[in-house]
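Let's take a walk through this structure together. Have the sequence and the 3D view ready, and we'll go one piece at a time.

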Amino acid sequence: MSKILVIAEHLDGKLNPSTARAVSAAAAVKPEAIDVLVLADSADTLAAEAAKIEGVSRVLTATRAENAHALAAVMAPQVAKAAAGYSHVFVPSTTFGKDLAPRVAALLGVAQVSDVMAVEGSHTFKRPIYAGNAIVTVEADPAQTVVATIRTASWSAASNGANSAPIEASNIDVALPSHTRFVELKQGKSDRPDLQSASKVVSGGRGVGSKENFEIVYKFADKIGAAVGASRAAVDAGYVPNEMQVGQTGKIIAPELYMAIGISGAIQHLTGIKDAGTIVAINKDAEAPIFEVADIGLVGDLFKIIPELEAALA
Amino acid sequence: MKILVGYKRVVDYNVRIQVKPDGSGVVTEGVKLSANPFDDIALEEALRLREKGVAEEVVIVGIGPADLTAHLRNGLAMGANRAIHVTTAEAVQPLTAARVFLKLVEKEQPGLVILGKQAIDDDANQTGQMLAALWDRPQATFASKVEIADGKVTVTREIDAGLETIEADLPAVITTDLRLNEPRFIKLPDIMKAKSKPIDTIEFGSLGVEAGDHLKTTHYAAPPKRSRGVMVKDAAELVATLKQKGLL
């Protein structure tokens, strides 16, 4: 039987929704137990939050001053040690999980399954390759621990509230390296919904033209309560910070509504939005590739159309 | 200091990949192959560190079949001092690649290893982290800025929450993100010069790396196609359509 250890992702004392998405993927394996491991310098609030996630059997905490920041070199030996007795270790496929999970897998001497988008069996998974242009079915060796990262856009978050899993302090006695040190984190401050969990996303591309012009995109997004994203071209041109980038090399998202404004639709951008519910494209070039994937398209000048959209919503 | 750079050959990023109808793989025959874009960025960063006087030698490493030589010549033409070609006809998964790199690290004693953050064919994003774990050294993944001084490397990393800066002791493993640099173009005289640069060929079997390919790919499929959309004529119709779908 399977027992799965899910590694919690958190920042600023809050659990990242990616954790509950990884729990959903774990539930799809139909395991005997799903335990969540919280590594932090202060884990109580986080553990209480994780204990409410539906399907979680137990929450384990590893509280150490060294866990104040998510350094893979520091966390990996603890996770590898905690993995004993588990058939699977699941980590969200965010920058946190992509950094940590392979280090854990290598310490355990096992292969890793990256970006699990579907569970076909306890050791059989589907994952995208070639920027999502092919989907492969892979089989992991049942004799080994499965270390996998979970593609968050493919899984909805396990519901939160009804559960009350027991919380236990785990005693992971392992020496930690001091060769890697946290210096600082510069966060793009935003009151808007989080790009990766928002149900609506409005993205701007090179067609928006400038950093100043991006205000029109922000204003419209705020009007409909959407998160704001951007294409790589808009990020490279300096219109917006890089954490707003949607695509193969940025964030992969799956909102109910995705509005691409002034985005041509390069393959690497489309990879990031393939799982969106409804894709709307607004572009002045009727031949732009974005129209090939859009559910609803509108050809025209965005600087004329956005004010009209706002007027129509009023 | 010596820098080792991973230099993988992949299907060119502009190629729209086709899945074989029988689900046995993707079509790679006759398809244009190029350096993995993240590896070009890795090589560029190593060359810049050499130009700054931080490193003396840049060595590129490729793992693959005999005809990989031409690909390695491109890296030499870009400016690498020499190349190591680990020959194998088999496709190599990240854990095995990391074990190969560890053997080369033991032999070459580099001060820094720079790899791309992921290869655009398997999209695994694992090899650098695995090497750092096996080598028991620091890792700085998704690097967008690298500074080296006093035996330490300071790296700005592109993470979901923003830009994180970490400091690590050398030797270390860095994996490159897209915004780290703009790789240089290869000039014709450099292609000529590259012909005389050394390529060490090492047979995979002679490295004593344990076979570690435990993931079996059983089927390839094309991604589900989105159904053809509709065009609307103006903003009012767009809002009406979205309201009808309950999205606004």
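The expected span of a helix is 1.5 Å times one less than its number of residues. Before we use that, know that this is a predicted model, in which local features need pLDDT of at least 70, side-chain atom pairs count only at pLDDT 80 or more, and totals for chains, interfaces and linings use all residues. Residues are numbered from 1 along each chain as its sequence is written, chains are lettered from A and ligands numbered from 1 in the order in which they are written, and side-chain values use heavy atoms, with hydrogens and water left out.

Now find chain B, which has 6 helices and 13 strands. Its C-alpha atoms fill a box of roughly 65 × 45 × 40 Å along the principal axes. Of the 248 residues in chain B, 54% are buried. Here, buried means under 20% relative accessible area, exposed means over 50%, and partly exposed is in between (1.4 Å probe, protein chains only). Next come contacts, meaning heavy atoms within 4.5 Å. Take the contacts in chain B with a separation of 6 or more: 71% of them are between residues 24 or more positions apart.

Zoom in on helix α3 of chain B, residues 94–108. These 15 residues reach 20 Å from the first C-alpha to the last, close to the 21 Å expected at 1.5 Å a residue. How many of the 15 residues of α3(B) are buried? The count is 12, so the helix is largely enclosed by the rest of the structure. Among the buried ones are B:Pro94, B:Leu95, B:Phe101 and B:Glu108. Here's a handy bit of background: an α-helix has 3.6 residues a turn, so residues three or four places apart point the same way. Just after α3(B), B:Gln109 takes a positive phi of about 50 degrees.

Stay with B:Glu108, because it leads us to salt bridges, each defined as a side-chain nitrogen of Lys or Arg within 4 Å of a carboxyl oxygen of Asp or Glu. B:Glu108 forms one with B:Arg82, and the closest N and O atoms are 2.6 Å apart. This pair links distant parts of the chain: B:Arg82 is in strand β5 (residues 82–87), B:Glu108 is in helix α3, and they are 26 residues apart. Both B:Arg82 and B:Glu108 are buried. B:Arg82 also meets B:Asp200 in a salt bridge (3.4 Å, N to O). That pair is 118 residues apart, with B:Asp200 in strand β11 (residues 199–203). B:Arg82 has a relative accessible area of 14%, while B:Asp200, at 31%, counts as partly exposed. Put together with B:Lys2 and B:Glu57, these residues are linked in a network of salt bridges.

Over all chains, the salt bridges come to 32. One of them, in chain A, joins the side chains of A:Asp275 and A:Arg151 (2.5 Å, N to O). A:Asp275 and A:Arg151 are 124 residues apart, each in a loop. A:Asp275 is partly exposed at 34%, whereas A:Arg151 is buried at 10%.

Now look at where the chains meet: 85 residues of chain A are in contact with 74 residues of chain B. The size of an interface is often given as the accessible area lost when the parts come together. Buried area is counted that way (1.4 Å probe), summed over both parts. Chain A and chain B bury about 6,700 Å² between them, 55% of it on carbon and sulfur atoms. Across this interface there are 6 salt bridges, and B:Arg157 and A:Asp99 meet in a salt bridge of 3.3 Å, N to O.

A:Thr95 is buried, with a relative accessible area of 15%. Leaving aside neighbours within four places in sequence, A:Thr95 is in contact with B:Phe142, B:Glu158, B:Ile159 and B:Asp160. Its side chain reaches the backbone nitrogen of B:Asp160 at 3.0 Å.

Notes: Helix = DSSP H or I, 4+ residues; strand = E, 2+ residues; numbered from the N terminus. Buried area = accessible area lost by both parts, 1.4 Å probe. Polar contact = N/O pair within 3.5 Å; in protein donor to acceptor, adjacent residues only side chain to side chain.
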